[in-house]
Amino acid sequence: MWCWDGQGLSTEGRGQWSWAHSASDSPTVLLNTFWSRKPGCDSGFGNLLARQLDLRGLRVLAACLTEKGAEQLRNQTSDRLQTVILDVTKTDSVAAATEWVKERVGDRDYLSGVPSSLSESLAFLLLCEQGLWGLVNNAGISTPTAPNEWLTKQDFMKILDVNLLGVIDVTLSVLPLVRKARGRVVNVSSIMGRVALLGGGYCMSKYGVEAFSDSLRRELSYFGVKVVMIEPGYFKTAVTSPKALSQGFQASWNQASPEIKELYGEKFMANLMKSVDLLETTSCQDLSLVTNCMEHALTACHPRTRYSPGWDAKFIYLPMSYLPSFLVDLMVYWRNPRPAKAL
């Protein structure tokens with residue numbers, strides 16, 4: 001998602017920017033939030049955030065994978081929201097979307113010729129007349145996920161292409177626009193970017209997003225750009241869909257070698273499926289806990305570096321990430337099923 005702001009900015013008592021609700025003077029945010037062909041722009045964090053920011057008066061540019069999802073989102077929002085089709089795994093698609101964004105927000109640098117004596121608020125208003133105020137990278141997939149030995153290199157690359165390399169490609173492409181507005185980059189990681197509980201590319205990709213965001217935050221701080229990470233726990237979205245995860249486990253099991261199947265055993269697979277089914281009841285259904293963090297990261301005068309929405313993130317996984325490795329290992333052993341041939 002992309003955002004930009006215009007001339008109607010002021011500070012509220014909450015320490016957040018406010019603005020007039022018109023298409024010509026509201027900030028612009030680019031939402032690179034929609035990947036899965038099934039949910040597209042019409043479900044999950046991306047859909048809710050797009051509608052939430054639109055109601056707040058921001059100008060939203062939503063990147064969707066399919067035209068059907070884009071149309072559904074436009075029907076739910078005001079004329080301020082615009083959509084573009086984007087496949088983050090294809091550089092040509094990213095380049096075309098970037099040009100589309102430039103046409104809508106402008107790419108002039110309003111810092112040139114601004115006297116240093118101008119107040120911070122006035123400089124902010126000038127900078128936000130053109131350029132991209134916010135980029136939200138939320139596009140992601142979670143399958144195939146399985147014990148690493150069950151997977152192939154292509155299985156890892158499928159997730160890394162979307163969750164990590166896609167984030168990097170989109171961010172680097174629009175970064176000049178964000179820098180000119182002294183705006184925000186909001187990258188959605190996961191609590192799995194702090195504690196690797198699963199095999200496959202998902203945790204790897206989120207660890208990569210964490211590292212990319214940390215280095216980018218330090219580099220862009222010299223130019224007034226803030227980089228924020230959102231690290232949700234388990235929420236009921238397409239990424240945590242028990243059906244999709246179960247199908248991914250089954251497909252990975254089917255392609256595993258006879259030796260691997262003998263090592264793990266059918267009982268291991270059955271217990272794995274049961275643990276996936278528990279996500280239906282344990283995942284939080286209130287997606288606004290996450291989108292409120294995203295909105296705060298975009299609109300607060302002083303956003304946090306990291307947000308960890310969800311009770312499980314705050315009270316289980318975040319504390320786990322600070323424990324000694326041997327304790328975390330013991331907790332994971334206790335939680336996970338045991339292979340048939342384990343010593």
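## Aromatic pairs

The structure holds six aromatic pairs; rings of Phe, Tyr and Trp (its six-membered ring) are paired if their centres lie within 6.5 Å, and planes under 30 degrees apart count as stacked, over 60 as edge-to-face and the rest as tilted. F45 and F235 form an edge-to-face pair, because their ring centres are 5.9 Å apart and their planes stand at 75°. This pair links distant parts of the chain, 190 residues apart: F45 belongs to helix α1 (residues 44-55), and F235 to the loop between β9 (226-230) and α7 (242-255). Helices (H or I, at least four residues) and strands (E, at least two) are DSSP runs, numbered from the N terminus. F45 is buried at 12% relative accessibility, and F235 is buried at 1%; buried denotes under 20% relative accessible area, exposed over 50%, and partly exposed the range in between (1.4 Å probe, protein chains only).

W150 and F268 also pair edge-to-face, with 5.9 Å between centres and 70° between planes. W150 lies in the loop between β7 (134-137) and α5 (153-181) and F268 in helix α8 (residues 258-277), so the pair ties together parts 118 residues apart in sequence. W150 has a relative accessible area of 1% and is buried; F268, at 7%, is buried too. W150, W253, Y264 and F268 form one aromatic cluster.

## Basis of the model

This is a predicted model, in which local features need pLDDT of at least 70 and side-chain atom pairs count only at pLDDT 80 or more, whereas totals for chains, interfaces and linings use all residues. Residues are numbered from 1 along each chain as its sequence is written, and side-chain values use heavy atoms, with hydrogens and water left out.

## Charge over a ring

The charged end of R179 sits over the ring of F223, 5.9 Å from its centre. The criterion is NZ of Lys or CZ of Arg within 6 Å of the ring centre and within 35 degrees of the ring normal.

## Nonpolar cores

The largest nonpolar core has 57 residues, of which V101, W150 and V185 touch the most other members. Such a core is a set of buried Ala, Val, Leu, Ile, Met, Phe, Trp, Tyr and Cys residues joined through side-chain atoms within 4.5 Å. Elements giving two or more residues to this core include β5 (59-64), α3 (91-105), α6 (201-220) and α11 (311-320). Helix α5 gives the most, with nine residues.

Another core, of 25 residues, lies apart from the largest one; among its members are F45, L53, A62 and V290.

## Cysteines

The count of disulfides (pairs of cysteine sulfur atoms within 2.5 Å) is zero. C284 is buried at 17% relative accessible area, and C301 is buried at 18%.
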